[in-house]
Structures are given as C-alpha cells and as structure tokens.
Amino acid sequence: MNTAMTDAPILPILFHPAPILRAKARPVAEADGARVTELAARMLSTMYKAPGIGLAAPQVGEGLRLVVLDVAKEETPAPMVLVNPEIVAASTERAIREEGCLSLPGQYADVERPARVKVRYRALDGSRQEVEADDLLATCLQHEIDHLDGVMFTDHLSPLKRNMLIKKFLKEQKLKSREAM
Ligand code: NI
C-alpha cells in the first residue's frame, strides 16, 4: 500500500445514535470502483488521526461493506483494507477483550467473542483474500464487520451494562457541547 494513502483528507466520524450506524451496509460493487479506493484512503487517514485501530464505512456515513484497520504494534503502519469482508469460520473457544469504538468515544467495556476467526474479503484491486486471525486482529475484525450489519460492540453487553455505558456517553457529549458554547 502506498503510504501517501494515509495523507488523504479526513472525514467526520459519526457518533451514536446516528441512524446509519444501525443500518445494514450494501456490498461494494465493481461499479463503485475508484470511489471505494478514495474512500478507503480517507478512512485510513481518519482512523490514524483519531487515533483508532479500525473503522467501518458506515462510521463515516457511507453504507458500504468496507473496513480499514491497522493493529500493528510497531511504529511502521500496516494498513489493511477489506472490501466485502465475511466471517467464514469462528472458533468455539471464546476470548474476552476490552473494546472501544470511534463512534462511542471514551467508552470501553469487556466483550466476549470467538477467539479466532477466518475472514474472506476482496482487496482494493479486486483479488480474493483470506485471513486467519487470533488475538487483537480477531477482535478488531469482528467488531468492524459487526458495523457493516448495524451492530455496535455495546450490543454484546448485558442490557444493564449497555444502558449504563450509553447513558454515560450521552451525558458526556451533552457536557462537551455545553462547554463548546
Ligand atoms: Ni466501532
């Protein structure tokens, strides 16, 4: 991937409760072509700037099945762009990891998911790709692919925990908008 891609202009990130975050995104079609390459570049810029390790197109207002992520622990960026990603296998073994979301800034909670997943997707050049993931990448892939189906990480929590977290988020946002006045 060209590093210049990450210099693309950033996009505004939508926060809960933006309706598009709850909608099912449509598959990327061949006709979407160059627009998707440009969108992926801007999503990567947006993600790095936030900073975050994953971003799904609905979070920037585009109802497309497109995800970008970078879970590299080193300083060298290792961006991944996934077009029409699909989980084709998941382990019965589960793992708990703390998650957050750029659409719910400042909120974190432990989420239990399959520990390992196999994901099929297309690269930007249209080639078929497959990745077997564990650890942080497995969590991140599942979290981002959830976004394409209108699912937020909070949906994996108990109703009590979920309501507490969302209430806290809305309260903090209200305070922030008041401070901005
Ligand atoms: Ni998220």
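Predicted model: local features only at pLDDT ≥ 70, side-chain atom pairs only at ≥ 80, totals over all residues.

Biologist: Which residue in E3 is the bridge partner of Leu66?

Modeller: Val83.

Biologist: And what is the strand order of the open sheet?

Modeller: E1-E2-E3-E6-E7, five strands with antiparallel pairing. Strand E1 (54–56) and strand E7 (128–133) are the edges, each pairing on one side only. On average, neighbouring strands are turned by 40° against each other, direction ignored.

Biologist: Which strands does helix H1 touch?

Modeller: Helix H1 (residues 33–49) packs on the sheet and touches E1, E2 and E3. The direction of H1 makes about 40° with that of E2.

Biologist: And helix H2, which strands does that one touch?

Modeller: H2 (residues 135–148) also packs on the sheet, touching E1, E2, E3, strand E6 (117–122) and E7. The direction of H2 makes about 100° with that of E3.

Biologist: Switching to the metal. What are the protein donors of the nickel ion?

Modeller: Cys101 through SG, plus His143 and His147, each through NE2. They lie 2.1 to 2.3 Å from the nickel ion. Along the chain, the donor spacing is C-x41-H-x3-H.

Biologist: Where do Cys101 and His147 lie?

Modeller: Cys101 is in the loop between strand E4 (94–99) and strand E5 (109–114), while His147 is in helix H2. So the pair ties together parts that are 46 residues apart in sequence.

Biologist: Is Cys101 buried or exposed?

Modeller: Buried, because its relative accessibility is 9% and the cut-off is under 20%. His147 is buried too, at 1%.

Definitions and conventions:
Residues numbered from 1 in each chain as written. Heavy atoms only, no water. Pairing = 2+ DSSP bridges. Helix = DSSP H or I, 4+ residues; strand = E, 2+ residues; numbered from the N terminus. Axes fitted to C-alpha atoms, helices over the stretch in contact; angles between N-to-C directions. Contact = heavy atoms within 4.5 Å. Donors = N, O, S within 2.8 Å, 3.2 Å for Na, K, Ca; no water. Buried < 20%, exposed > 50% of the residue type's maximum accessible area, 1.4 Å probe, protein only.
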